[in-house]
Amino acid sequence: GKGAKGHLGPTNKVFVGGLALHSKESDIEQYFSQFGTVQSVDVMYDKVTTRSRGFGFVVFDELATVDAVMAAYDHHTIHGKWVEVKPAIPEDIIKKGTSEPDWRKVAPPVAMAKPAVA
């Protein structure tokens with residue numbers, strides 16, 4: 001895919017939590033496709049019981065689609081159950097665990113310290 005600009009910036013991937021245990025990838029894809037093109041859906045399953053863990057990830061083809069999805073935050077319902085949708089943090093950040101240098105690049109302290117207007 002296209003490399004994400006700014007590690008903790010915009011993402012085309014969302015976390016979906018609170019899924020009904022019988023919700024399948026196809027159900028989730030069908031629901032989210034109303035917002036835009038869905039590239040992939042991954043529901044997380046327990047390795048031992050193979051049952052759904054009640055959450056997963058959806059990847060869209062455009063960043064704007066995530067904005068549309070987030071705008072409808074209070075209204076996402078799959079199988080009559082409200083699901084929580086949050087922008088997903090790219091895995092390379094979680095693995096590295098070094099967000100500090102990136103943040104400095106994204107928001108230099110100078111820009112944040114605006115002089116007070118008298």
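**Exercise 1.** Find the bridge partner of V38 in β3, and describe how β2 and β3 are joined.

*Solution.* Strands here are DSSP runs of E with at least two residues, and helices are runs of H or I with at least four, numbered from the N terminus. V38 has F60 as its bridge partner in β3. This is a predicted model, where local features need pLDDT of at least 70, side-chain atom pairs count only at pLDDT 80 or more, and totals for chains, interfaces and linings use all residues. Residues are numbered from 1 along each chain as its sequence is written, and side-chain values use heavy atoms, without hydrogens and water. Next, D42 stands opposite F57 in β3. β2 and β3 run antiparallel and are joined by six bridges; two strands pair if DSSP finds at least two bridges between them. Finally, the hairpin of β2 and β3 has six residues between the strands, and T50 in the turn has a positive phi of about 60°.

**Exercise 2.** Give the strand order of the open sheet and state which strands stand at the edges.

*Solution.* The four strands follow the order β2-β3-β1-β6, with antiparallel pairing. β2 and β6 (84–87) each have a single partner strand, so one side of each lacks a neighbour in the sheet.

**Exercise 3.** Which residues does V58 touch, leaving out those up to four places away in sequence?

*Solution.* Contact means heavy atoms within 4.5 Å. By this rule V58 touches N12, K13, V14, V16, I28, F32, V38, S40 and V41.
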